[in-house]
Structure formats: structure tokens, C-alpha cells
Amino acid sequence: MSELLNLAELQGWIGAEETAQDVLTAALAERFHATLSLDGEVAKLGDVVPRLIHFCLCQPAAPMNALGEDGHPARGGFLPPVPLPRRMWAGSDITFHGDLRVGDAVQRLSRIADVIVKEGKSGTLCFVTVDHSFTVNGQLRIEDRQSIVYRALQSAPAAVSPTAAPVGETVSGVDPSPTLLFRYSALTFNGHRIHYDAPYATGVEGYPGLVVHGPLQATLLLHLAARVGRRPPDAFRFRSLSTLYDHEEMFLNAGTLQNGTLPLWTARAGGPVAMQAEASWQ
Ligand SMILES: CC(C)(COP(=O)(O)OP(=O)(O)OC[C@H]1O[C@@H](n2cnc3c(N)ncnc32)[C@H](O)[C@@H]1OP(=O)(O)O)[C@@H](O)C(=O)NCCC(=O)NCCSC(=O)C[C@](C)(O)C(=O)O
């Protein structure tokens, strides 16, 4: 384990809670629809909105002087002060109990559920698990268990599986252009520089390009699942296993829908699985 990490101290954050409020506006619904190139009509006041729009809601609006070097709010407030600078979204496990609609006043309660350290092939990994619940008028709509991973700057590039991802039964290509990445960052009020600041992403964090957001990949996969399953899934979970960058086309793949479950994954052409996901219907 890295000498910098005091796990017992970081685990003192377990149980910390934060609440946030937001109103789901027609403007957000329209911009989300446009950025994700979704089919159908844009949701209007009172209409059900597309799933995973909740990633755009209740985001912290830290003042400029409260940001860390990576562009996220500095750690040590709600999130534990993990002293490993490279932050990535590792995965999420989401259950939809109901729909969100344009005009909803949404409340998010977030709680630090766990902090653990693992030794990965690329070096020390610190995983922070955050449980979010989204309610409207006191009614639970979404439960979302998010896993964030932190890594050292000097850690080796994550080992990339030599096995190319299989090609799905349904495949769709997306150009993860800097414009798409920027618009998604704006939708989610995410100042993380790895997605839009190429000199920082390559020179400081050592990536070969701008990093494609985990939640963007997840949202694109969920909407592919909704097309294959002919309705939005009731649950969705994903894990980011390798990184995708802006300079290579990203492929969204869906496997075979069986017993109400659909495997999904993203990959670049000839590359390994980047995000592994599963959509399920009750
Ligand atoms: C995390 C990396 C570095 C580990 O890569 P590695 O080679 O070091 O790990 P490993 O040796 O394969 O595995 C070590 C252990 O970690 C576990 N593990 C391994 N991966 C995961 C995962 N995803 N979720 C949960 N567990 C994971 C794995 O199961 C194993 O556990 P074990 O020892 O108990 O068997 C590597 O998997 C990787 O590079 N993943 C891609 C991450 C990514 O691209 N995320 C999306 C973009 S970042 C983003 O969206 C940011 C945003 C939106 O701005 C934001 O800040 O919120």
C-alpha cells in the first residue's frame, strides 16, 4: 500500500452524508436529448425524462477557489481526502423505482458507504463507494451506488487486456469528439480537466488523449438497452475496466437479451472491453 495512504483515517469518512436539491428543467431535458442524440420527442414540462439524466442533477457548485488541481471540488469535504491524484469513475449499480419528470424538485441524499484499498496491476487503488438516493416529494425514485477509484500519478498505465472485445449483436459507433465530451461535462457541471483540457490530461495525468466520461458511456449504453429491450431497463450496472479516449471511435455493443437481462459493453475498434454493463427488466 502507498505510504501516503492512512486507510483508518480515510475510513473515518464512512457514514458522512450530504444532501442537495435541484429542479429538473425543460432546458436540461432538451440539452441532454441533443447531446446524447436520443430518438423521439424532447420531454416537455410534466413528461417523463430519459434515464440516467440524474447524473446531471444535484451536482456540487464549488466556488473556483475551492477546486482541486484536477478541476473537481477539493477533497476532504464530503469525499475523503484520498492522497492519490488520479480520480476515475469505476462503476455504478443503479435501481430505478420510478421515473423523473420535467419540473420535478429532486432531492439527493449521498452517503459514504465504504473506503477500501486494493493493489491492482497498475499500482495502489483506493475505491470510495457512495450511495445516492434521489427522491421527489419524499418518494424514492432512484438508488445509485457509485464507485470512485483514485490512483497515483506515477502508477503504471492500467494493464490493457490483450483480448479484443467481442462484437455485439447490436453495435453502434459514436465519435467521442472533444465537443461531445465538453457538452457532457457541461451537462453534468463536471470540471474534471481530463475530459476537456488536453495539455493537463496528457502532460499531468499521463493519458494519451481526453478521457471519455464513464457516465457518458453508461448513458449511451442504457439508451441502446432501451432500444433493444423496447423500454428503459429497471436496473443498470456498469464497471469501467479500461479507458477510452477522444481520438478513437467508440463502439456501443449489446449482446443477447435473455431472462430479462442484457449484457452491454463499450470498446474501441480492436480494443478490449472498456465499460462492461448489464441492463435488467423486472
Ligand atoms: C480502475 C483501473 C485503473 C484498475 O486497473 P488495474 O489494472 O490496476 O486493476 P486490476 O489489477 O485489473 O484489478 C485490481 C482490483 O481492482 C478491481 N477493479 C478493477 N477495476 C474496477 C472497477 N472499475 N470497479 C471496481 N473494481 C475494479 C479488480 O476487480 C481487482 O479486485 P480484486 O483484487 O478484489 O480482484 C482500470 O480498471 C481502469 O483504468 N478503468 C477505467 C476507468 C475509466 O476509464 N473510468 C471512466 C472515465 S473517468 C471519469 O469518468 C471520471 C469523472 C466522470 O470525471 C469523475 O471524476 O467522476
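Helices (H or I, at least four residues) and strands (E, at least two) are DSSP runs, numbered from the N terminus. With that convention the tour can begin.

This is a predicted model, in which local features need pLDDT of at least 70 and side-chain atom pairs count only at pLDDT 80 or more, while totals for chains, interfaces and linings use all residues. Residues are numbered from 1 along each chain as its sequence is written, and side-chain values use heavy atoms, with hydrogens and water left out.

**Stop 1: T188**

Select T188, in the loop between α3 (178–187) and α4 (198–204). Is T188 buried or exposed? T188 has a relative accessible area of 6%, so it is buried. Buried means under 20% relative accessible area, exposed over 50%, and partly exposed in between (1.4 Å probe, protein chains only).

Next, display the polar contacts of T188. A polar contact is a pair of N or O atoms within 3.5 Å; within protein, one must be able to donate a hydrogen and the other to accept it, and residues adjacent in sequence count only if both atoms are side-chain atoms. A polar atom of the T188 side chain lies 2.8 Å from the backbone oxygen of Y184. The T188 side chain also reaches the backbone oxygen of S185, at 3.3 Å.

**Stop 2: the ligand**

A polar side-chain atom of N190 is 3.0 Å from an oxygen atom of the ligand. A polar backbone atom of G214 lies 2.7 Å from an oxygen atom of the ligand. A polar backbone atom of S240 lies 2.7 Å from a nitrogen atom of the ligand.

How much of the accessible area of the ligand does the protein cover? On its own the ligand has 1,100 Å² of accessible area, and the protein covers 83% of this. Accessible areas come from the Shrake-Rupley method with a 1.4 Å probe; for residues, only the protein chains shown count as cover.

**Stop 3: the cavity**

Now hide the ligand. On a 1 Å grid over the protein atoms alone, a cavity is a set of points where a 1.4 Å probe fits but cannot get out, and a pocket is an open set with protein on both sides within 12 Å along at least five of seven lines; lining residues have an atom within 4 Å of a point. Grid points are joined across faces, edges and corners, and a volume is the space filled by probe spheres set on the points.

How many cavities of 30 Å³ or more does a search of the whole structure find? The search finds one. The largest cavity contains about 60 Å³ of space. To see its lining, select V49, P50, R51, L52, I53, F96, G98, D99, L100 and I142. Seven of these lining residues are nonpolar, one is polar and two are charged.

Keep L52 selected. L52 belongs to the loop between α2 and β2, and its phi is near 75°, a positive value in a residue other than glycine. L52 counts as buried, at 1% relative accessibility.

**Stop 4: the second largest pocket**

The second largest pocket holds about 500 Å³ of space. Of its 24 lining residues, L38, D39, P50, H223 and A226 are the closest to its centre. At least two lining residues come from each of α2 (26–35), β6 (170–174) and α5. The most come from α5, with five. The lining comprises 14 nonpolar, five polar and five charged residues.

**Stop 5**

Select V102, in the loop between β2 and β3. V102 is buried, with a relative accessible area of 4%. V102 and L24 lie 78 residues apart in sequence, yet 5.3 Å apart in space, C-alpha to C-alpha.

Finish at L109, in strand β3. L109 counts as partly exposed, at 33% relative accessibility.

Definitions and conventions:
Nonpolar A, V, L, I, M, F, W, Y, C, P; charged D, E, K, R; others polar.
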